[in-house]
Amino acid sequence: GGFRLGFDRLNTGWRTTWFSQWEPGASKQWAHDCYVKHFGECTDLNGELHTGDDISTVNKDAIPSHTLLVGGFPCQGFSLANRLRTLEDDRNQLYRFFYNTIKTKQPKFFIAENVKGILSLGKGEAIKQIVSDFEGAGYITTVNLVNMADYGVPQTRQRVLIIGQRKDLGEKMLFHFPKPNHSKDGKDLPKWVSIKEAIGHFPDPDKENNVINHVYSAYKVEYRNFTGHRQTDPDKPSPTILARGNGKGGVCAIPHYNGQRRLSIRESASVQTFPENFHFVGSMNACYRQIGNAVPVRFAKLLGEELKRLELENI
């Protein structure tokens, strides 16, 4: 719900007409339940709920018309040997649904979020195919690599944002991608927000406190040159908050800068700029995973502000 929460903070009166949240193979759909806890359900044109279903079973024609489609998709299935097979690869089920939805429903804009690695996959051939697909569906498409720390998020999280604008709205991209408002050196812009600035006020989770979700993984802190196991500098932004596990089924929460433990669920959420009263539900692993998969709220709000500008200009 990071995207949704960022947009909601603008108080524009925008309404989410439909969403899908489903985890294949999960015994409990905690991410779906967390989303519904905060935002409620949505219904399609037939008044039916499809928000907790496998997206491949959803009838795209039943999805309500919308101005903006937001989503993300994995990139493992992009065929490098045969670019024409991109849409047929079974691993691209989510991409296929996203692509077919914009092709069928033709929203004014779409925003697709992905990991930095999508740019180098197949020496850049995968992202070329994606842009080609979207342009073929009727959209001007831009690809933007960002470091969330440049936008006031206390985390060096690099992500790719693919922005699409329906071609009939204009010959040029009208959506102006937000400009950085922070910098590493702090010379011309405020300096990057450090992890200590973001979470230093939280009490010791091992002592009695009333902070929501302020519990942490017992996974031992052992420093080595590997993602999720490097020392955390209190005076710099946090490393990327992770969603993936450690390869053995456990979470891989970032070490706290005190070196004694992992970040708590609450601290991880604050690094992702969720408000402190946002209650994540589910097992500890599920909560960490929800946070790691989310888009930082602060950054989502900036994207929403640009969409609000376009709306005010009747675009």
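Where does Gln 106 lie? Gln 106 sits in the loop between α3 (93-105) and β2 (109-115). Helices here are DSSP runs of H or I with at least four residues, strands are runs of E with at least two, and both are numbered from the N terminus.

Some ground rules. This is a predicted model: local features need pLDDT of at least 70, side-chain atom pairs count only at pLDDT 80 or more, and totals for chains, interfaces and linings use all residues. Residues are numbered from 1 along each chain as its sequence is written, and side-chain values use heavy atoms, with hydrogens and water left out.

Back to Gln 106. Its phi is near 50°, a positive value in a residue other than glycine. Most residues other than glycine have a negative phi. Gln 106 is partly exposed, because its relative accessible area is 26%. The cut-offs: buried is under 20% relative accessible area, exposed is over 50%, and partly exposed is in between, with a 1.4 Å probe and protein chains only.

Asn 213 also has a positive phi, near 60°. Asn 213 is in the loop between α5 and α6. Asn 213 counts as buried, because its relative accessibility is 13%.

Now the overall layout. The protein chain has eight helices and four strands. From the N terminus, the order is α-α-β-α-β-α-β-β-α-α-α-α. Of its 315 residues, 48% count as buried. Take contacts, meaning heavy atoms within 4.5 Å. Among those between residues at least 6 apart in sequence, 68% join residues at least 24 apart.

On to the cores. A nonpolar core is a set of buried Ala, Val, Leu, Ile, Met, Phe, Trp, Tyr and Cys residues joined through side-chain atoms within 4.5 Å. The largest one has 29 residues. Those with the most contacts inside it are Ile 199, Leu 263, Phe 274, Phe 278 and Phe 280. The elements giving it two or more residues are α2, α5 (195-199), α6 (265-271) and α7 (284-293). Apart from that core lies another, of 21 residues, with Ile 111, Val 153, Leu 303 and Leu 310 among them. In soluble globular proteins, nonpolar side chains tend to be buried together.

Look at Phe 280. Beyond four places in sequence, Phe 280 touches Cys 34, Asn 213, Arg 266, Ala 269, Phe 274, Cys 287, Gln 290 and Ile 291.

Next, α7. Its buried residues are Ala 286, Cys 287, Tyr 288, Gln 290, Ile 291 and Gly 292. They pack against α2 and α6.

Over to the strands. Val 146 is in β3 (residues 139-147). Val 146 is buried, at 5% relative accessible area. Leaving aside neighbours within four places, Val 146 contacts Tyr 151, Arg 157, Gln 158, Arg 159, Leu 161, Phe 177 and Phe 299. Val 146 and Pro 180 are 34 residues apart along the chain, with C-alpha atoms 8.9 Å apart.

Asn 114 is in strand β2. Asn 114 is buried too, at 5% relative accessible area. A polar atom of the Asn 114 side chain lies 2.6 Å from the backbone oxygen of Phe 73. Asn 114 and Gln 158 are 44 residues apart in sequence, yet 9.3 Å apart from C-alpha to C-alpha.

Is Asp 133 buried or exposed? Asp 133 is buried, because its relative accessible area is 10%. Asp 133 is in helix α4 (residues 125-136). Its side chain makes a polar contact of 2.7 Å with that of Gln 129. A polar contact is a pair of N or O atoms within 3.5 Å; within protein, one must be able to donate a hydrogen and the other to accept it, and residues adjacent in sequence count only if both atoms are side-chain atoms.

Last stop, Lys 28. Lys 28 is in the loop between α1 (2-8) and α2 (30-39). Lys 28 is partly exposed, at 40% relative accessible area. Beyond four places in sequence, Lys 28 contacts Glu 23 and Asp 33. With Asp 33, there is a side-chain polar contact of 3.5 Å. Lys 28 and Gly 282 are 254 residues apart in sequence, and 8.4 Å apart in space, C-alpha to C-alpha.
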